[in-house]
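Student: I would like to go through this model with you. Could we take it one topic at a time?

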Amino acid sequence: MKVHILAFGIAKDLIGTGSTQIEMEKGKSIADLRQLLEKRFPELKKLGTYMIAQNSKYTNGNERIEAQDEIAIIPPVSGG
Amino acid sequence: MIDIQLLDSALDIKTCVDFVTTLETGGIDVFIGTVRNNTKGKKVLQLDFEAYDKMAISEMKKIAEQALQKWSLNKIAIHHRKGILKVGEIPVIIAVSSAHRAAAFEACRFIIDTLKQTVPIWKKEFFEDGEVWVSTTP
């Protein structure tokens, strides 16, 4: 199934795009997605720590990925 | 009760103050963030704010709702700006009103402190020798 990936800030610079799609098998988790992302974009590992949001909500890794999910790579924030 | 704005244009303090002012209000606390001309002594030319718009708005709304739960407040306004800001310009305004001032002071502090930890907005600093994404929230 297709999953939309958004990247911001330094993550966007590191992977070279702010928006992409990846193919995932059904039943995978956010933790699985993190591994897949780091395999496809090894530069992501330079980020060290980053959060992943699923449909605008922060995740803890255990959440299941659904088709058409909007996933965002959220590097350490610096608003305000 | 709550006004959350993520804007591409200049923010307005009076707009925020007017929004939170009610007949029941006894005190209004306003936090105004401004672009400082240096980071740890190094000269800053400008900042560029990038946002994950829909989640930035939902997270700011969450923070405002948490503040309403924790303190007795009248209204809250959180306005954040995106894009390039020069030194002295305003990236964020938080206005909080309450019947008695203690709640407004405390809630306003809570809102900016929490915004800096959870809202998906990022700032890039432009120096004379290059630009860098700010990596931690002080």
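Student: How many bridges join E9(B) to E10(B)?

Tutor: Four bridges join E9(B) to E10(B), and the two strands run antiparallel. Strands here are DSSP runs of type E with at least two residues, helices are runs of H or I with at least four, and both are numbered from the N terminus. Two strands pair if DSSP finds at least two bridges between them. The model is predicted: local features need pLDDT of at least 70, side-chain atom pairs count only at pLDDT 80 or more, and totals for chains, interfaces and linings use all residues. Residues are numbered from 1 along each chain as its sequence is written, chains are lettered from A and ligands numbered from 1 in the order in which they are written, and side-chain values use heavy atoms, with hydrogens and water left out.

Student: What is the strand order of the open sheet in chain B?

Tutor: The order is E7-E5-E9-E10 (chain B), an open sheet of four strands with antiparallel pairing. Its edge strands, each pairing on one side only, are strand E7 (83–86) and strand E10 (130–133) of chain B. From one strand to the next, the twist averages 25 degrees; axes are lines fitted to C-alpha atoms, for helices over the stretch in contact, and angles run from 0 to 180 degrees between N-to-C directions.

Student: Moving to chain A, which order do the five strands take there?

Tutor: They form an open sheet in the order E2-E1-E5-E3-E4 (chain A), and the pairing is mixed. E2 and strand E4 (57–58) of chain A are the edge strands, each pairing on one side only.

Student: Where does E1(A) run parallel, and where antiparallel?

Tutor: E1(A) runs antiparallel to E2(A), with five bridges between them, and parallel to strand E5 (residues 70–74) of chain A, with four bridges. In E2(A), A:Ser19 is the bridge partner of A:Leu6; in E5(A), A:Ile73 is that of A:Ala7.

Student: What stands opposite A:Lys2 in E2(A)?

Tutor: A:Glu23 does. The side chains of A:Glu23 and A:Lys2 also meet in a salt bridge, at 3.3 Å from N to O. A:Glu23 lies in strand E2 (residues 19–23) and A:Lys2 in strand E1 (residues 2–7) of chain A, so the pair ties together parts that are 21 residues apart in sequence. A salt bridge is a side-chain nitrogen of Lys or Arg within 4 Å of a carboxyl oxygen of Asp or Glu.

Student: Which strands does helix H2 (residues 30–40) of chain A lie across?

Tutor: That helix lies across E1, E2, strand E3 (51–54) and E5 of chain A, running at about 110 degrees to E2(A).

Student: Now the interface. What area is buried between chain B and chain A?

Tutor: About 1800 Å² is buried, and carbon and sulfur atoms give 56% of it. Buried area is the accessible area (1.4 Å probe) that two parts lose on being put together, summed over both. The contact, meaning heavy atoms within 4.5 Å, takes 26 residues from chain B and 20 residues from chain A.

Student: How many salt bridges are there between chain B and chain A?

Tutor: The count is two. A:Glu70 forms a salt bridge with B:Lys54, where the closest N and O atoms are 2.8 Å apart. Over all chains, a search of the whole structure finds 14 salt bridges.
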